[in-house]
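Biologist: I am new to this entry and would like to go through it with you. Please show it first, and then I will ask.

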Amino acid sequence: MAQTFAASSTLPARQTKVLGLLPAIIFLVLALVPVAAVFGPESYLLGLFTRVMVFAIAAMALDFICGYGGLVSFGHAAFVGIGAYAVGILGSHGITDMLVALLVALLVSAIFAYLTGTVCLRTKGVYFIMITLAFGQMAYFIAGSLAPYGGDDGLTVRLRSTFLGFPFLQSDRTFYYFVLLSLFVAYLLFRAIVYSRFGRVFRGARENPTRIATLGFDVFRFQRVGYVIAGAIAGLSGFLLANATEFVSPAYMSWQRSGELIIMVLFGGIGSLHGAIIGAAAYLLVEEVLGGITEQWKLIFGPLLVLVVLFARGGLLGLAHAIGGRLDRG
Amino acid sequence: MSTGLFVVQVLNGLQFGVLLFLIAAGLTLVFGVMDFINLAHGVQYMLGAYLAVAFYALTGNFLITLFLALAAALLFGLLLEFVVFRHLYDRDHLEQVIATFGIIIFLNQAVKTVWGAAPLTLPIPEIFTGSIVLMPGLLYPVWRLVIIASGLAVGVLLNMLVSRTRVGMLVRAGATNARIVSALGVDIRRLFMIVFGFGTMLAAFAGAMIAPILSVEPGMGDTVLILAFVVIVIGGIGSMRGAFLAALLIGLVDTLGRSFAIDILRLVMPPSPARTVGPAIASMLIYLLMALVLYFRPAGLFPARGR
């Protein structure tokens, strides 16, 4: 069952012209946000969209393994947390240089992905969902027990990462463009991977692992490489998150966070990469808007999720494709 | 560590395990028979506790309260099944996760709106208050023993139901291959509804029984839900026996780990790092156990599905 669903929205055979340009439009809009923000509550808007892009990176990484690899990870927030803690812990020792912090964030989350992936990828389907959840919970409890680094309360990041001693991320606007650049690089990277030879095997393993194995590919190793890449990019998102909120806490790794990432992926339309950006934006903006209307916003938000699942299959992108397809024909 | 403390902690572990079993039993059936991931199972446990508090305030009698709470929980569960879940059985696991996640968000907020965010309490029924003497100088609260006994009784009853009755046979057959069962002319939707209602009631029962010794608060189902998933995955999805044994195992490992991790670590390292590392290892222990089990037995200890 897990296989049939994602296939429908992956790499649609015929795209309408506008929808083909959608990734470009998304990045253009994101690039223009700081310009438009000048006319509104600037720091609020910049902060909000920075958060959107940070989560979009993590959601995109999840979409990569989930939508293209068929590996539904319910512990992806752990990698985000690891990236964030890399910034927090190094910062508390006075090491704020990006060259160190980013490298450590990527490396540690990649290693964590390699080790856990070796175990997780032996299982399939629901068992995979649950074992990734288990590792996510482990990471969560380890973080909560780091007494020198705030334990359950987390720790404050005093200074955003610097580059060769130069604090160029201090300005919110520069930081915004840095996050945008990271998102863009992540998008190009995943796109390149998906269409590469590696990506074809990786995608094939979702549709029919037996056939891929018969062709002579070691499915397990391909999936593990994919899992490590997704983990490292989620670590990048964590690195940015710690810099954006200037705070790190175990809550970043809770299973609810992992659930939110899955929601973002599904919201946007699974298996489309740029759908993850739309999903992250939709999720956080809906949360923001509903939160502004009433304190009880979760009473609306919960049923909304149910409705999206019941009626908007393929997420927002699926909806757009359905409408676009109809326009094309008629 | 003294023997007395050890005995008390073993009993606490058993009580926790039994509680987990009550929740996991419904979860594993729903999961095993319908192939449906119901994250909202945890909030049904929470709802059981809240309903118990509400009905107790009305009636003042625990037995009537228990009965009413179970009935109300069953009705609500069937309503949820009718409105939402039934449309999700044929869907992808991912979609089931999201939709039931939405229900968690909704219900957690709903109980906060209705009953407030502050923790509520429920008194222990009068005849079961107090403690009994286990050994000289060692007291143990009666209510916890009642929980253990009732949980074990439910376990025996469930085992009989599943292994001796016609419905139980269909449930077992459904857990092995639901489509064949359906093809043999069994109304699988009705079976699903029975299984689902039963699971909901078990979760609510667990919530109502634990309410007197736990604070009843929004979100109390979330942690238990994850633990129940750990239980059914270790036990093997769809297996009642597996759920029972895994629940007791998890209950004991978690409780004993939390009580004695620091003491054990002190044997191999100095006291101060032991105090830091101990609690972390204790909370990770069950997840470590789960990872180990799945590494060696990727389908759990007692896989029910004959694949």
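This is a predicted model: local features need pLDDT of at least 70, side-chain atom pairs count only at pLDDT 80 or more; totals for chains, interfaces and linings use all residues.

Biologist: How far does α4(A) reach from its first C-alpha to its last?

Modeller: Helix α4(A) has 27 residues, for which 39 Å is expected at 1.5 Å a residue (1.5 Å times one less than the number of residues). The modelled reach is close to that, at 37 Å.

Biologist: At which residue does α4(A) bend?

Modeller: The bend is the angle between axes fitted to the seven residues ending at a position and the seven starting there. In α4(A) this angle is about 25°, at A:Leu62.

Biologist: How many residues of α4(A) are buried?

Modeller: A residue is buried if 20 or more other C-beta atoms, placed from the backbone, lie within 10 Å of its own, exposed if 12 or fewer, and partly exposed in between. Helix α4(A) is largely enclosed by the rest of the structure, because its buried residues number 20 of 27.

Biologist: How far apart are the end C-alpha atoms of α12(A)?

Modeller: Helix α12 of chain A runs over residues 255-268. It is mostly covered, with 13 of its 14 residues buried, and A:Gly269, with a positive phi near 120°, follows it. At 1.5 Å a residue those 14 residues should span 20 Å, and the distance between the end C-alpha atoms agrees, so the value is 20 Å.

Biologist: Is A:Leu273 buried or exposed?

Modeller: A:Leu273 sits in the loop between α12 and α13 (274-293) of chain A. Its phi is positive, about 60°, although it is not a glycine. Because it has 24 C-beta neighbours inside 10 Å, A:Leu273 counts as buried.

Biologist: How many other C-beta atoms lie within 10 Å of A:Glu246?

Modeller: A:Glu246 lies in the loop between α11 (219-245) and β2 (247-248) of chain A. It is a residue other than glycine with a positive phi, near 55°. A:Glu246 is partly exposed, because the number of other C-beta atoms within 10 Å is 14.

Biologist: What radius of gyration does chain A have?

Modeller: Chain A has 15 helices and 2 strands, and its C-alpha trace spans about 55 × 50 × 40 Å along the principal axes. Buried residues make up 51% of its 330 residues. The radius of gyration is taken over C-alpha atoms, and the globule rule is 2.2 Å times the number of residues to the power 0.38. A compact globule of 330 residues would come near 20 Å, and chain A agrees, with 19 Å.

Biologist: Which element gives the largest share of the side of chain B that touches chain A?

Modeller: Residues are in contact if their C-beta atoms, placed from the backbone, lie within 7 Å, and 36 residues of chain B are in contact with 36 residues of chain A. On the chain B side, the elements giving two or more residues are α4 (93-115), α8 (220-235) and α10 (271-296). The largest share, 14 residues, comes from α4(B).

Biologist: What ipTM does the predictor give the complex?

Modeller: For chain B, the mean pLDDT is 86, and 98% of its residues reach 70 or more. For the complex, the predictor gives a pTM of 0.85 and an ipTM of 0.81.

Terms used:
Residues are numbered from 1 along each chain as its sequence is written. Chains are lettered from A and ligands numbered from 1 in the order in which they are written. Two residues are in contact if their C-beta atoms, placed from the backbone, lie within 7 Å. Helices (H or I, at least four residues) and strands (E, at least two) are DSSP runs, numbered from the N terminus. pLDDT is the predictor's confidence in each residue, from 0 to 100.
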